[in-house]
Amino acid sequence: MITVIALLFLLFVVLGAYATVKAVGAAKRGVDRTIDQARRTVEDRALRAKSFAQPGPTGEIAQLRLRLRTSMRATQEALRAGVAEDESLKESLGLFERLSAHGYELDRDLKRLESEPDRATLAERLPGLRERTERITKSADSLRWAARDRAGRFAQDDLDSLSAQIDVEAGALRHWTTEDPTPASAPWPEAPAAGAPAAGAPAEGRTGSGSPWPRPADEPTRPAITPPVRRPAYPWQKKPRPESTT
């Protein structure tokens, strides 16, 4: 009994320690994400301020960094959000990871050149940096818009299919609006030809019932008295009482 209690106590301690470690790890990751997001926000605002406040090569380098970071971050968020619903975006995400390596390298080069005092050197390197930034951002934008167009196309196809199903269901619910085809009336007999016998005189072609025209072969014979129709009995109706014979 003591051994069982000790084992249960040890199991509870291990489970508690594991849950504590997981909670601490999740909290640490949340704090790290918050700190990274705050740092990126501060850096973006600083770059935006430099691009407006500092003219010349320094301000243009700040503009290039801001453009690069904005494009890469937007593409990363779009692909990571879309790969959860569309597995085919994994290949696109792999290509973006390879593109991100070039983006990080360019961002580091631009960051080092922000504090370069030699303006002539900056002016010489700006065309090459501008071209690299243009190529990377163009590729990132192409991946992002292709993923968005793909998601929009799937949503449009699903909406078209849903609209067609709803139209069919709405027509089925309004079945009373469809008009039943009117049965064609029987043709009237032709007028008797000239020289035909009088109505009271017997003539050939009259039937035994005295009808002036023969009965169609496909017309069923109607009974003289319509047979009674038994009405359906419902459980909520009371049983009829027999009439008194007294």
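Modeller: Side chains of opposite charge can pair when their charged atoms come close. In this predicted model, Arg153 forms a salt bridge with Asp157, and the closest N and O atoms of the pair are 3.5 Å apart.

Biologist: Why are Arg153 and Asp157 separated by about one helical turn?

Modeller: Because the two residues lie four residues apart in helix H4, the separation of Arg153 and Asp157 comes to about one helical turn. Arg153 is exposed, with a relative accessible area of 52%, whereas Asp157, at 34%, counts as partly exposed.

Biologist: How many salt bridges does the structure hold, and which parts of the chain does the pair of Asp86 and Arg150 link?

Modeller: The structure holds 10 salt bridges. In one of them the side chains of Asp86 and Arg150 meet, with 2.4 Å from N to O. This pair links distant parts of the chain, since Asp86 sits in the loop between helix H2 (57-83) and helix H3 (89-114), while Arg150 belongs to helix H4 (residues 119-173), 64 residues apart. Asp86 counts as buried, at 14% relative accessibility, and Arg150 counts as partly exposed, at 35%.

Biologist: Which residue forms a salt bridge with Glu87, and which residues are linked in a network of salt bridges?

Modeller: The partner of Glu87 is Lys90, with the closest N and O atoms 3.0 Å apart; Lys90 is exposed, at a relative accessible area of 52%. The network of salt bridges links Arg65, Asp107 and Glu114.

Biologist: Let us turn to the fold. How many helices and strands does the chain have?

Modeller: There are four helices and zero strands in the chain, and the elements run α-α-α-α from the N terminus on. If we consider contacts between residues at least 6 apart in sequence, 68% of them join residues at least 24 apart.

Biologist: Is Arg144 buried or exposed, and what is Arg144 in contact with?

Modeller: Arg144, whose place is in helix H4, counts as buried because its relative accessibility is 9%, under the 20% limit. Leaving aside neighbours within four places in sequence, Arg144 is in contact with Ser71, Ala74, Thr75 and Ala78.

Biologist: What does Leu47 touch?

Modeller: Leu47, in helix H1, touches Ala62, Arg65, Leu66, Arg69 and Glu114, not counting residues up to four places away in sequence. At 4% relative accessibility, Leu47 counts as buried. The C-alpha atoms of Leu47 and Arg67, which are 20 residues apart along the chain, are separated by 9.8 Å.

Biologist: Which residues form a nonpolar patch on the surface, and what share of the exposed area of the chain do carbon and sulfur atoms supply?

Modeller: The patch is formed by Val4, Leu8, Leu11, Phe12 and Leu15, which together have about 490 Å² of accessible area. Val4 is found in helix H1 (residues 2-53) and is partly exposed, with a relative accessible area of 46%.

Biologist: Where is confidence lowest and where is it highest among the elements?

Modeller: Where pLDDT is low, the predicted coordinates should not be read in detail. Confidence is lowest in H1, at a mean of 76, and highest in H3, at 90. Over residues 200-213 the pLDDT is below 50, and this stretch has nine contacts in the model beyond near neighbours in sequence. The chain averages a pLDDT of 75, with 70% of the residues scoring at least 70.

Key:
Residues are numbered from 1 along each chain as its sequence is written. This is a predicted model: local features need pLDDT of at least 70, side-chain atom pairs count only at pLDDT 80 or more; totals for chains, interfaces and linings use all residues. Side-chain values use heavy atoms; hydrogens and water are left out. Patches are made of residues with over 30% relative accessible area and no salt bridge: like charges are joined within 9 Å, nonpolar side chains (Val, Leu, Ile, Met, Phe, Trp, Tyr) within 5 Å. Accessible areas come from the Shrake-Rupley method with a 1.4 Å probe; for residues, only the protein chains shown count as cover. A salt bridge is a side-chain nitrogen of Lys or Arg within 4 Å of a carboxyl oxygen of Asp or Glu. Buried means under 20% relative accessible area, exposed over 50%, partly exposed in between (1.4 Å probe, protein chains only). Contact means heavy atoms within 4.5 Å. pLDDT is the predictor's confidence in each residue, from 0 to 100.
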